Amino acid sequence: MQVKELGHIVLYVSDVDRSARFYGEVLGWRRLEMPENSTFERIPVALFSSGRTHHELLLIEVGPDAQPVPRQRHLGLYHFGLKVGDTDDELRDARARCLDQGVRVVGMSDHTVTHSLYIEDPDGNEIELYIDVPGVDWTLSNVMAPVKALAL
């Protein structure tokens, strides 16, 4: 077997309406309508796509009493990355939109091959918003280059 691409992400969320507003209105993903008689008809869910495939993100509500996302070092998901454009200006615009919407920004990094902004969704899942740096070769030495502070 060979993995061809990352297909989609499924997140458990405490409040699907709150998270759907974040992923739809703040990050700009298109929310899909759930078909009648779907597997999830009795469970609050939200499905999103950028248009690349049938869906890239599924949110499943588990309620406010669920265990929160662990802090500090832990096993499991650290973050997932979303490409938001091709230029630093687009990354600046993404940062401004996040700050205007009260989104928590937790970091900014220059990874040589990408410039990245790190934010948290309403449940504390970390998301990397990034652009690919034009003209940089994706060689292993560049990909594994030391991370530098990013000044936007």
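Reply: Rings of Phe, Tyr and Trp (its six-membered ring) count as a pair if their centres lie within 6.5 Å. Keep in mind that this is a predicted model.

With that rule, a search of the whole structure turns up two aromatic pairs. One joins Phe22 and Tyr23. Their ring centres are 4.9 Å apart and their planes meet at 90°. Planes over 60 degrees apart count as edge-to-face, so Phe22 and Tyr23 form an edge-to-face pair.

The other pair joins Tyr23 and Trp29. Here the centres are 6.5 Å apart and the planes stand at 50°. Planes under 30 degrees apart would be stacked, and over 60 edge-to-face. The angle for Tyr23 and Trp29 is 50°, so this pair is tilted.

Now put the pairs together. Tyr23 pairs with Phe22, and Tyr23 also pairs with Trp29. These ring pairs link Phe22, Tyr23 and Trp29 into a cluster.

Are these residues buried or exposed? A residue is buried when its relative accessible area is under 20%. Phe22 has 7%, so Phe22 is buried. Tyr23 has 0% relative accessibility and counts as buried too. Trp29 has 14%, so Trp29 is buried as well.

That is the picture for this part: two aromatic pairs, with Phe22, Tyr23 and Trp29 linked in a cluster. Phe22 is buried, Tyr23 is buried and Trp29 is buried.

Methods
Residues are numbered from 1 along each chain as its sequence is written. This is a predicted model: local features need pLDDT of at least 70, side-chain atom pairs count only at pLDDT 80 or more; totals for chains, interfaces and linings use all residues. Side-chain values use heavy atoms; hydrogens and water are left out. Buried means under 20% relative accessible area, exposed over 50%, partly exposed in between (1.4 Å probe, protein chains only).
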